[in-house]
Every structure is written in structure tokens, then in C-alpha cells.
Amino acid sequence: MYEGSVRIGKIIISNFKNVKNGQITLKNSKKEYKASVLGLYGQNGSGKTALIDAIMLLKYALCGMKVPKEYADYINIESDYATLSFDFSVVMPKKDRSYYVTYEFDLKKELNNNDQNESTEEEHYKAVIVNEVLSFRLQGEKHRMSQLMNTKTKGVFVPKIKYEELIGKDPDEMMNLLVDKRYTYQDSRSFLFSRELLNVIRKNCHNEIYLDLINRLVTYGNYELFVINTQNSGLITLNALPLSFKYEGEKSGFSGNFMLPLDRPQTLPKVLVDLTEKMIPNMNEVLKQIVPGLTISLHNLGPQALKNGETGYSVQLMSRKNSEEIPLRDESEGIKKIVSILQLLIVIYNNDSITVAIDELDSGVFEYLLGELLKIISEEGKGQLIFTSHNLRPLETIDRGFVAFTTTNPENRYIRLTNVKGNNNLRDFYYRDIIVGMQKEELYEPTNNYKISLAFRKAGKMY
């Protein structure tokens with residue numbers, strides 16, 4: 001693990017889903033806080049989930065993971081490719097350095113020649129990452145960003161001088177990397193953050209600044225960036241609990257996610273059982289305050305053989321309240337949602353180099369509790385939380401600098417409200433703005449109650 005912290009500063013999206021153009025800064029310009037929180041609000045279908053999907057795509061890229069083929073359908077139908085750009089603040093305290101870093105790339109839709117599914121005549125497509133550019137500059141310096149790697153070339157990458165500092169001048173190494181570049185393209189992976197290129201850079205590069213920046217972004221993507229989408233809520237409804245976690249012990253750390261069925265015991269490897277048992281006491285410290293008196297436990301039913309021949313343990317999550325213990329599956333959807341993300345909320349509160357993006361954070365959570373949790377994290381936390389929500393209660397509890405809104409204009413999807421006075425209730429102001437329309441962009445496409453009622457009557461004649 002590499003020292004320091006990484007935080008997303010700005011996201012720019014073009015031709016991605018229903019966002020033709022949109023950019024959003026995550027820094028609260030109204031007031032200085034240690035935490036970085038962004039709550040995104042807006043009409044259904046106006047680009048909220050597109051932001052979460054863009055961050056998920058960033059994680060795939062930084063981790064060198066294959067981009068799922070459904071992302072090919074996320075490219076705006078009127079464009080040949082989508083473009084995504086992410087600005088980061090990278091702080092390296094031991095070396096007393098801070099950098100601005102920009103990573104941008106295009107997402108293209110291409111016919112998947114490797115798809116062997118012949119059961120349908122439909123063409124199968126894949127999403128590929130191309131035209132990657134990684135740039136940086138030292139914070140405090142006024143000169144423009146310096147490109148470290150740019151793959152918009154028939155060669156491995158440019159600029160040439162940076163290539164030689166990172167890779168060297170060996171022609172055989174160049175030929176191997178050209179093959180790797182083509183292979184990662186075919187495999188729908190980032191080339192800049194592929195294990196093939198990273199291994200060569202780590203072997204040949206002697207520039208500590210370049211190595212630190214690249215390694216720090218890789219660490220961030222793999223261990224400190226989490227995305228919780230609406231699939232998680234769907235799994236909870238199906239009695240499966242997705243647990244996302246980041247745990248730091250005295251000698252080692254763990255980060256990732258795993259699934260626990262709630263309707264039956266599950267056999268887990270010993271390492272996951274041990275990890276869960278270490279996390280639960282920390283989670284219970286907070287859980288019993290959020291839901292007074294409620295705690296959870298891992299009921300160990302004994303050893304079981306895993307498919308690989310190793311010994312695992314059959315376990316089931318239980319909840320306890322008022323001295324009564326029941327399976328967690330019998331708790332409400334809201335309780336299960338809170339449990340599934342609680343470990344990440346704890347880390348956001350305590351760790352400045354953690355980014356968690358959650359789509360529909362309010363799903364199943366009591367609105368008063370939601371508002372209070374976000375108030376605590378935004379005012380006292382250290383990490384970065386990005387969330388979408390339909391519940392407007394947080395507009396009354398968190399600083400307005402933590403809130404952005406979607407518009408009905410696909411050419412300018414994300415805005416901050418203007419003309420908001422310090423004594424304005426942001427929730428009331430937002431409602432009034434929807435009706436009166438005081439912003440430069442329209443926030444809500446008007447609906448007609450009479451036409452909706454008429455549509456219900458017409459639809460009813462079908463039955």
C-alpha cells in the first residue's frame with residue numbers, strides 16, 4: 001500500500017448515457033470541510049445514475065479490469081464514443097508533495113469478434129477504452145498540465161521523452177508493449193493501468209515522482225474507491241447481502257466486497273470469516289446508535305469442506321435486539337441496506353483517502369436518519385462520499401455546498417443552484433425553483449396532472 005491520499009476533484013462527462021455534456025466539481029466552494037460530500041438530486045432520467053456509472057467505469061480502468069460489455073450501450077446513441085475525464089488531488093505527505101492529476105479516456109462501441117454465442121442473430125458489441133491521457137502538475141505551480149502518458153498514437157504512448165523515462169529505449173520492450181496494447185484493447189481493458197504496462201514501468205522507471213503517481217492511483221482504484229449501485233438494493237430484496245468493506249489491522253489491510261445469502265447459511269473461507277468477525281464489533285458500535293439497541297453477529301455453524309478442498313465455515317448473519325436473536329433476513333430492507341454499507345461509512349468518517357459512490361442512498365432508509373447521518377459525515381468526516389437520492393431531507397441538514405442538481409438540458413446536465421441566501425431552506429428553495437424557474441437551466445420538465453389522469457383512464461380501458 002502506498003502512503004498519501006487521493007480525492008476526485010472534478011468529473012467531466014460527454015456523450016455518456018443521457019448526458020451529452022456535463023461537468024461537476026466535488027469541492028465545497030462555500031466552506032472548508034475535511035470531508036468531501038456530493039449529493040446529486042434531480043428528476044428521474046436526468047443523469048444522476050450516469051455519474052455513478054462513470055465512477056464505476058473509472059474503477060474498472062484504474063484496476064485494469066475488463067469493462068462489462070453492457071457499457072457499450074451507455075454511449076449516447078448520437079455519438080460514436082463517450083469521453084470521460086477525472087481530476088484528482090494527490091497528496092504525498094512523507095515527500096511533502098501534492099499534485100493535480102487528470103486522467104481522461106474515450107469509450108467506444110465495437111463489434112465483439114470473440115463472442116461465440118451463436119444462439120441469436122443479433123450482433124454482440126463490447127466497450128473498449130481508447131485515447132487514454134494521464135497528465136499532472138505540482139500543486140502551487142502555475143504552468144499547465146504536463147502529459148505523462150498519451151496513447152493517442154500508433155506507438156506505445158507519447159511524449160517520447162516520458163516514454164524513455166518510464167520504459168527505456170529497448171526496441172524489444174517496445175515491440176512487446178505494442179502487442180500488449182493491442183491485447184488490452186481486444187480485452188476491453190485500460191492499457192495505461194494494465195498489469196502488462198505497470199510491470200514494465202516498475203521494472204525500468206527510476207523517476208520516483210512518476211512511479212509514485214502511477215502507483216498511488218492504482219492503489220486508490222483497487223483499495224480505496226468503492227461504487228454501490230442499485231444492483232445492491234436489488235440483491236438485498238432477493239435475500240442476498242452484499243458487504244463492501246475496507247479494514248485496516250495492525251499488520252495488514254483488506255479491501256473489497258463479498259456476498260452473503262440471507263435465506264440460508266453460507267460456507268466461507270476462513271479468511272473471510274475472520275475478517276467479518278473483526279469488522280462486526282466496529283459496525284455494532286455505530287449500528288446500536290443508529291438503530292437503538294440493535295447489533296449483528298455471525299453465527300458459526302461449524303467447519304465445512306470447500307470445493308478446492310480447503311476448510312471453510314458455514315455461517316449466517318444474525319441480528320439481536322432486546323435480547324432476542326433472529327436471522328438478519330427477517331429484518332427490514334432498510335436495516336439490511338444500512339448493514340451492507342455501514343463499514344464503508346465508518347471508513348469515510350475516519351479516512352481521508354476513501355471515495356464511496358452510492359446510487360439511491362435513500363433507498364429503504366428512514367428520511368430523518370438519512371439526514372442526520374449525512375450531517376455527521378459531512379461535518380465531522382474525512383473521506384469522500386458521492387451519492388444520489390430522491391429524498392430531499394438531506395437538503396435541510398447538510399451544507400448547500402455539498403449539493404448539486406441535474407437539469408433537463410442534456411448539454412449542461414449538472415449545476416449548482418445560484419442566488420441561494422444563507423437563511424434559505426435549500427429544500428424549499430429547490431421546490432420553488434422547480435415551479436418558478438429562477439435558474440439559467442430548467443431543473444424539471446413539467447408534467448400535466450390532467451394529461452396524467454387521462455392517460456390512466458385510457459390505459460384502464462385495456463382491462
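Two strands count as paired here if DSSP finds at least two bridges between them. Keep that in mind for strand β6, residues 125–138, and its partner β7: they pair in the antiparallel sense over four bridges. Leucine 134 has methionine 149, in β7, as its bridge partner. A caution before I go on: this is a predicted model.

Now the whole sheet. It is open and has six strands, in the order β2-β1-β4-β5-β6-β7. The pairing is antiparallel. Which strands stand at the edges? They are β2, residues 19–25, and β7, residues 146–150. Each has a single partner strand, so one side of each is left without a neighbour in the sheet. From one strand to the next, the twist averages 20°.

Next, the helices on the sheet. Helix α3, residues 171–186, lies across β5 and β6. Strand β5 covers 97–111. The helix runs at about 125° to β6. Helix α5, residues 208–224, packs on the sheet as well. What does α5 touch? The strands are β1 (5–16), β4 (81–92), β5, β6 and β7. The direction of α5 makes about 110° with that of β4.

Let's stay with α3 and look at its contact with another helix. Two packed helices are described by the angle between their axes and the distance between the axes. For α3 and α4, residues 195–204, the axes come within 9 Å and cross at roughly 150°. Angles over 145 degrees count as roughly antiparallel, and that makes α3 roughly antiparallel to α4. Who makes the contact? From α3, it is Glu173, Leu177, Asp180, Tyr183 and Thr184. From α4, it is Glu196, Leu197, Val200, Lys203 and Asn204. By class, that contact has four nonpolar, two polar and four charged residues.

Last topic: cavities. How many cavities of 30 Å³ or more does the count give? One. The largest cavity has a volume of about 80 Å³. Its lining is Ile290, Ile338, Ile341, Leu345, Leu361, Val365, Leu370, Leu373, Leu374 and Ile377. By class, that lining has 10 nonpolar residues, no polar and no charged ones. Helices α8, residues 333–350, and α9, residues 367–380, each supply at least two of the lining residues. The largest share, four residues, comes from α9.

That's the tour. Questions, please.

Methods
Residues are numbered from 1 along each chain as its sequence is written. This is a predicted model: local features need pLDDT of at least 70, side-chain atom pairs count only at pLDDT 80 or more; totals for chains, interfaces and linings use all residues. Side-chain values use heavy atoms; hydrogens and water are left out. Axes are lines fitted to C-alpha atoms, for helices over the stretch in contact, and angles run from 0 to 180 degrees between N-to-C directions. Contact means heavy atoms within 4.5 Å. On a 1 Å grid over the protein atoms alone, a cavity is a set of points where a 1.4 Å probe fits but cannot get out, and a pocket is an open set with protein on both sides within 12 Å along at least five of seven lines; lining residues have an atom within 4 Å of a point. Grid points are joined across faces, edges and corners, and a volume is the space filled by probe spheres set on the points. Ala, Val, Leu, Ile, Met, Phe, Trp, Tyr, Cys and Pro count as nonpolar, Asp, Glu, Lys and Arg as charged, and the others, Gly among them, as polar. Angles under 35 degrees count as roughly parallel, over 145 as roughly antiparallel, 65 to 115 as roughly perpendicular and the rest as oblique.
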